[in-house]
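I set down each item as I looked it up.

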Amino acid sequence: MKLHAIIFYSVVLAGSLMATPGVVDTTCSTFAKVQTVGLAEVCWTEGLWADRFELCRTQMVPSMARLMQGTNYSQFYFNFEILAGLAVGKSRGASFNDGDFYKLLEGASATLAVTNDARINVKLDEGIAVIAQAQATNGYLDTWVQLHQRSGDTNVAPFQNPENFEMYNFGQLMTAACVHYRVTGKTNFLAIARKAADFLCDEFKVPTPALANNLICPSHYMGIVELYRATGEPRYLDLAKKFMAMRELVKEGVDDNQDRVPFAQQNEAEGHAVRANYLYAGAADLFLETGDTNLWNPLGKIWTNVVTKKMYLTGGCGALYDGASPDGAKDQKHITRVHQAYGRNFQLPNTTAYNETCANIGNVFWNWRMFLVTGDAKFMDVVELALYNSVLSGGALDGTNFFYTNPLRVTDPMPLELRWSRTRVPFVSSFCCPPNLVRTIAESADYAYGKSADAVWVNLYGGSSLKTKLSNGETIQLAQETDYPWNGRVRIKIVACDTNEFSLKLRIPGWANGANVRINDSPADDSPKPESYFEIRRVWRSGDFVDLDLPMPARLMEANPLVEEDLNQVAVQRGPVVYCLESPDLPAGVRISCVRIPPDLKLTPRFDRHLLDGVVVLEGKALAQPDENWSGKLYRDFQPAEFKPVSVKFIPYSVWQNRGPSEMSVWLPMN
Ligand SMILES: [Zn+2]
């Protein structure tokens with residue numbers, strides 16, 4: 001156990017039980033089957049997630065704070081300072097920079113739940129004071145719009161142009177303020193969010209089609225519903241309902257914004273994948289409070305569409321840089337341009353996969369809320385899949401470089417030049433993903449557990465501790481010890497509990513065939529089934545322990561044959577971790593495109609603590625053909641190749657491109 005883990009562990013164990021809610025608070029949600037645990041009730045103690053949290057706290061948050069306070073790349077904090085009258089200058093940067101700055105504040109706030117770092121606390125208060133000073137007296141707050149107006153730009157006014165992303169900025173403000181309030185107990189940030197929400201209640205009192213156009217990139221459903229939960233103010237829930245109903249007022253809606261078809265009639269994921277997943281997450285949030293079947297029915301259909309036809313093996317969402325939707329439709333007049341978007345069914349290109357980090361994080365948000373409604377393990381499987389693969393891949397191991405897109409294959413040269421970099425970079429003009437990754441890692445422990453009246457749900461495996469109280473009054477303290485995801489052995493210790501009976505529910509992932517559970521060294525009565533929660537109900541005593549063994553062989557995966565891009569190819573997955581082959585791990589002269597996988601490929605797992613901050617690699621023998629010059633040729637007569645054995649080493653997809661520019665592929669052709 002690393003030193004920081006021991007410190008975290010002692011903080012949580014020594015601290016008194018804080019009744020702070022989680023990022024999403026379903027304590028009073030009528031239609032929630034599972035309640036979230038408090039941000040301060042849980043923390044990672046050792047292993048991959050503890051390391052990532054520590055990287056986030058010590059590297060990602062401070063370096064991003066420097067970037068956003070500075071003006072080298074763009075303006076984030078400085079725009080607020082100008083608006084507050086504390087600095088002189090003009091608005092600079094993307095119209096959604098405010099929202100991305102709020103995400104950083106949210107992430108920094110979330111780290112306080114574990115470390116209570118006084119300096120961060122003070123810094124946050126300073127920033128929040130400037131935001132408060134920048135907010136208009138009527139509650140409106142959007143530095144891009146306000147500063148452009150102030151500089152005399154008569155073309156700019158509130159809610160005139162959806163591309164100003166005001167609702168996105170408001171939504172991120174509300175979510176960040178709720179997290180800050182829950183962690184610190186302070187109401188300074190929350191007061192700004194309330195003032196903004198009160199403004200929106202007034203501004204949107206009479207819904208119009210023009211106002212409805214602004215409901216794009218909708219972080220605002222999650223934000224406003226959370227503000228309702230944090231304040232208990234019913235008009236905020238009414239506002240969220242109104243915003244959902246208003247979508248139908250949009251004239252000439254488009255799939256890119258998911259408003260061509262009324263939400264209740266949607267059954268496929270369409271359009272911009274971040275906007276889509278945020279909408280689905282927000283609709284699920286609203287369902288948790290209202291039980292409105294006009295939200296739940298489409299969500300179920302869209303979810304099935306995504307996981308059976310549109311999601312990458314990595315949990316990534318959004319196949320297309322640019323495209324058309326509904327592509328190939330008989331109804332030609334409805335076809336419109338989409339970007340950064342879900343593609344057609346089974347359209348999952350690898351090299352040009354968009355898979356924006358924000359969309360993959362949105363997939364986590366959405367599935368987390370679907371799980372909270374149902375307690376169904378299939379949703380947590382997607383949360384876990386996305387977190388380990390297409391979310392973590394968004395950041396470098398140095399904590400300061402980021403991917404905007406997460407393709408499954410990169411070659412050199414590429415078949416075409418793409419808009420975004422094939423290597424991680426410190427900054428992109430669309431700086432939405434990096435702070436999103438910061439807050440997601442900072443809050444990741446919150447997904448690990450859930451609770452219901454007399455049960456603790458163990459959703460994610462990783463060295464962690466939990467101290468929480470069930471609604472039946474039972475106080476429970478657990479410690480989880482494991483090297484997961486590097487092996488499937490997990491021990492959960494009951495550190496302390498009262499004398500009441502309660503259930504421990506262990507998630508058995510869909511891939512975990514042959515899972516085994518032992519309680520105090522004795523076999524459990526039943527065998528766990530994949531893609532379900534295994535319930536152990538008994539009167540627990542301090543010192544009891546449960547051992548879960550999830551067999552984790554390296555598996556060769558294949559795709560539905562309708563996915564043209566994966567025909568006759570296989571990928572490697574072990575537990576929740578998707579692997580890839582990267583050029584630094586191939587012998588000299590062997591290119592990624594030369595490698596062929598024999599159907600009887602044997603892969604041996606080996607933990608390499610010195611590689612990529614410590615990962616399990618999978619080693620074996622594949623085949624390689626000589627590298628050939630295809631320059632200037634599209635086709636030729638078939639020429640049988642001479643294959644030679646070649647040693648291959650697969651690494652987790654999420655850590656590729658941490659050793660300089662490289663070639664990489666998740667899917668590889670069969671021999
Ligand atoms: Zn993004």
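Entry 1, strand pairing. I looked up Leu466 and found that its bridge partner in strand 9 is Leu478. The model is a predicted one, in which local features need pLDDT of at least 70, side-chain atom pairs count only at pLDDT 80 or more, and totals for chains, interfaces and linings use all residues. Residues are numbered from 1 along each chain as its sequence is written, and side-chain values use heavy atoms, with hydrogens and water left out.

I noted that strand 8 (residues 463-469) pairs with strand 9 in the antiparallel sense over six bridges; two strands pair if DSSP finds at least two bridges between them. Strands (E, at least two residues) and helices (H or I, at least four) are DSSP runs, numbered from the N terminus. Five residues lie between strand 8 and strand 9 in their hairpin, and Gly473 in the turn has a positive phi of about 95°.

Entry 2, the other partner of strand 9. I found strand 9 paired with strand 10 (residues 489-497) as well, in the antiparallel sense over seven bridges. Gln477 has Ala496 as its bridge partner in strand 10. This hairpin of strand 9 and strand 10 has six residues between the strands.

Is strand 9 enclosed or open? Six of the eight residues of strand 9 (residues 475-482) are buried, so the strand is largely enclosed by the rest of the structure. Buried means under 20% relative accessible area (1.4 Å probe, protein chains only).

Helix 8 (residues 188-203) and helix 10 (residues 220-231) pack at about 120°, with axes 11 Å apart. Helix 8 is therefore oblique to helix 10. Angles under 35 degrees count as roughly parallel, over 145 as roughly antiparallel, 65 to 115 as roughly perpendicular and the rest as oblique. The contact (heavy atoms within 4.5 Å) is made by Leu190, Ala193, Arg194 and Ala197 of helix 8 and Leu227, Ala230 and Thr231 of helix 10.

I found that the axes of helix 10 and helix 12 (residues 273-290) come within 8 Å and cross at roughly 25°. That angle makes helix 10 roughly parallel to helix 12. Among the contact residues are Tyr221 and Met222 of helix 10 and Tyr278 and Leu279 of helix 12.

Methods:
Axes fitted to C-alpha atoms, helices over the stretch in contact; angles between N-to-C directions. Buried < 20%, exposed > 50% of the residue type's maximum accessible area, 1.4 Å probe, protein only.
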